[in-house]
Amino acid sequence: MAIAVSPALFAAETVKSPDGNLIVNVDILDGGIPVYTVDYKGKRVVNPSRLGFTLQSESTRRSFTADARKAAADALQMTSGFSITDTERGSFDETWKPVWGEETEIRCNYNEMALRLTQKEFDRYITVRFRVFDDGLGFRYEFPAQPNLTYFVIKEEDTEFAMTGDHWAYWIPGDYDTQEYNYSKTRLSGIRGKLPSILNPNNASTTPAGPTAVQTALQLKTDDGIYLNIHEAGTKNYPTMHLELNDTTMTFKAHLTPDITGAKGYMQTPDMTPWRTVMVVDDARAILASRLILNLNDPSQIEDTSWIKPVKYMGVWWEMIAGKGTWAYTDDYASVKLGETDYSKATPNGRHSANNANVKRYIDFAAKHGFDEVLVEGWNEGWEDWIGNNKDYVFDFVTPYPDFDIEELNRYAKEKGVKLMMHHETSGAVRNYERHMEEAYNLMNKYGYDAVKSGYVGNILPIGEKHYSQQTNNHYLHAIKEAARHKIMVNAHEASRPTGLSRTYPNLVGNESARGTEYQAMGGNAKWHTSILPFTRLQGGPMDYTPGIFEFDLSTFTPANNSKIASTIPGQLALYVTMYSPLQMAADLPEHYEKHMDAFQFIKDVPVEWERSVYLEAEPMDYVTVARKDKNSDEWYVGSTAGTADRTSKIKLGFLDPGRKYVATIYAEAPDANTVDGQTRYKITERKVDSKTTLSIHELAGGGYAIAIKPVK
Ligand code: NOJ
Ligand code: CA
């Protein structure tokens with residue numbers, strides 16, 4: 001039975017994108033159930049989808065009598081009994097300048113509609129705010145301060161995204177603790193059966209969210225060629241969202257990450273949720289060009305951003321990942337304990353990579369070739385204690401191993417014009433990290449470090465807490481804000497998938513938060529991995545993917561590693577352009593680059609600051625081709641990766657200045673290259689080009705090509 005309200009209150013409310021192609025309609029169904037629909041160019045793309053919440057507890061109602069108990073229980077539903085009691089509308093058009101990014105100016109243009117939804121029975125209301133852009137929409141729930149809604153705990157967010165068919169989905173499984181999966185492409189109806197087979201056995205902490213749960217950003221494609229992409233923006237003080245599919249109705253429902261008790265969000269009015277986003281376009285390149293997520297985030301809260309700079313770096317890292325060196329100083333784990341042991345009396349294992357001589361070797365090479373920084377992992381005590389253990393006191397982030405002279409190495413680096421990059425492996429012990437954070441950042445300030453790579457491997461401690469819960473999300477942001485106070489840039493691995501917070505806190509220069517290059521040394525990544533990440537993981541912010549591998553046979557490092565990387569040198573070069581990040585690593589070893597200095601030249605040349613980006617070719621998983629213009633010169637760089645099949649990329653250089661002459665240096669796979677044992681067969685050619693030039697370049701699945709285009713002087 002419908003609640004008695006005047007018919008006018010049932011009137012649907014509509015808001016359109018500035019170009020009129022995207023229409024969001026909100027209606028109240030019988031029983032006061034709010035739903036929204038989305039139409040694009042006259043076609044329905046999101047069927048009626050419910051809005052609302054189910055609460056676990058709510059503080060304003062007491063339950064002393066049976067009647068009061070029933071009323072309190074009833075008040076836990078926030079999905080029906082609503083009417084629209086107020087509508088506000090507005091439009092916004094502004095161009096803003098990011099501190100770093102794929103371009104120097106971003107236009108933010110949308111129409112807005114905010115609906116007050118009142119539950120008369122409980123005398124309380126929420127606001128649902130929609131912002132509709134030409135390439136997609138965002139909406140969030142706001143909980144204004146009011147007498148009958150103060151503190152509440154969310155049991156589940158009931159937001160739906162009802163699909164109009166059995167679309168193609170490019171997905172990784174929902175998981176509260178890891179995002180380090182290879183992607184699958186299936187119909188929506190194919191998600192359920194496929195799930196267990198791709199769970200990642202390598203990962204220590206994995207907590208699958210359910211048989212049809214997937215992560216966002218979720219890329220979808222309809223049979224009539226519409227690309228939908230569902231994600232979230234500006235996630236603060238709230239758990240990360242997964243999507244759970246009802247594979248009968250093809251309706252996704254929000255599925256938040258629970259905390260240790262199973263609760264999914266502690267709220268106190270005035271409060272709000274992150275934005276729920278749906279991109280809708282009919283050209284895959286527009287997904288890559290979309291700035292919807294950034295535009296829904298707040299402007300920078302850091303006033304002086306002059307110390308935030310894009311960084312090209314190398315690292316004492318890959319040799320440990322690949323199995324040649326170790327993070328730990330000694331193999332005699334039993335003999336050392338952080339804070340209690342004099343490590344200089346322990347027996348060194350002879351394979352500790354972060355030793356003075358080796359670090360200097362990297363500094364020399366990095367300085368010689370114009371890199372900004374050298375990351376050093378395994379510099380600090382505690383790795384012996386951590387490996388295989390989940391303990392809360394493993395690292396203090398301030399005590400170097402005896403063979404790592406922190407003062408001398410920073411002095412040496414400075415003399416050579418490079419900086420060391422700090423590493424904080426928290427081992428998932430977030431409280432331990434918070435306890436030591438101030439001292440750890442002070443140490444960095446003392447020696448001149450301006451960037452930290454942090455990491456959250458293993459279970460979050462206390463055990464039972466999840467990587468993507470509200471509390472842990474709050475920790476990641478706390479670390480970023482504290483770092484900003486110390487003028488430190490942060491690159492957090494294993495943290496929650498980003499949602500554009502780097503606009504608000506631009507010292508968050510990178511995250512891993514997906515399967516990175518490290519897996520190439522542990523069995524490998526799917527060939528299509530880097531041709532899907534720009535559509536999915538990269539929507540929320542840059543990834544520290546750590547490309548630039550030139551040695552593809554990992555047995556070179558240790559006979560125990562039989563990984564062979566299914567990529568090519570030109571394919572690795574392409575990633576510096578296709579996988580946008582203000583933080584780019586040349587991950588391989590100096591001696592491996594020395595064998596291919598002509599190809600290495602591209603890594604030396606490629607900028608990390610861009611003025612403009614043009615998306616030339618794109619299809620999720622199949623290929624991505626991007627051209628970007630350097631921020632500090634008139635040079636252009638092109639990168640292209642192929643994912644599912646070998647192909648010929650055909651591009652027009654219409655982005656070049658008309659009438660101007662350029663020389664293009666093309667780094668392509670040689671005719672006899674392959675991704676099994678011919679990864680290092682490449683050819684570098686130079687040719688004159690201008691804005692009328694068309695290029696056809698063959699690329700291998702798993703590989704790609706790169707071009708540097710410089711104006712003729
Ligand atoms: C996982 C990170 O992704 C990797 O880059 C790092 O080397 C290890 N954790 C150790 O901290
Ligand atoms: Ca990782």
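Modeller: Helices (H or I, at least four residues) and strands (E, at least two) are DSSP runs, numbered from the N terminus. This is a predicted model: local features need pLDDT of at least 70, side-chain atom pairs need 80 or more, and totals for chains, interfaces and linings use all residues. Residues are numbered from 1 along each chain as written, chains are lettered from A and ligands numbered from 1 in written order, and side-chain values use heavy atoms, without hydrogens or water.

Biologist: In which loop is Asn237 placed?

Modeller: Asn237 is not a glycine, yet has a positive phi of about 50°. Asn237 counts as partly exposed, at 33% relative accessibility. The cut-offs are under 20% for buried and over 50% for exposed, with partly exposed in between (1.4 Å probe, protein chains only). Its place is the loop between β17 (227–233) and β18 (241–246).

Biologist: Is Asp123 buried or exposed?

Modeller: Asp123 lies in the loop between β8 (106–119) and β9 (124–133). Its phi is near 50°, positive in a residue other than glycine. With a relative accessible area of 55%, Asp123 is exposed.

Biologist: Which residue does a cis peptide bond join to Thr269?

Modeller: The residue is found in the loop between β20 (266–268) and β21 (271–272). Omega is about 0° for the bond from Thr269 to Pro270.

Biologist: In which loop is Ala217 found?

Modeller: The peptide bond from Thr216 to Ala217 is cis, with omega near 0°. Ala217 is in the loop between β15 (213–215) and β16 (218–221).

Biologist: How many residues in the shell around ligand 1 are charged?

Modeller: 13 residues surround ligand 1 (a heavy atom within 4 Å). The closest are Trp317, Glu377, Glu425, Lys453 and His493. The shell has five nonpolar residues, two polar, and the charged ones (Asp, Glu, Lys and Arg) number six.

Biologist: How much of the accessible area of ligand 1 does the protein cover?

Modeller: Polar contacts (N or O pairs within 3.5 Å) come from side chains. Ligand 1 oxygen atoms lie 2.6 Å from Lys453, 2.8 Å from His493 and 3.4 Å from His423. On its own, ligand 1 has 300 Å² of accessible area (Shrake-Rupley, 1.4 Å probe), and the protein covers 94%.

Conventions
Polar contact = N/O pair within 3.5 Å; in protein donor to acceptor, adjacent residues only side chain to side chain.
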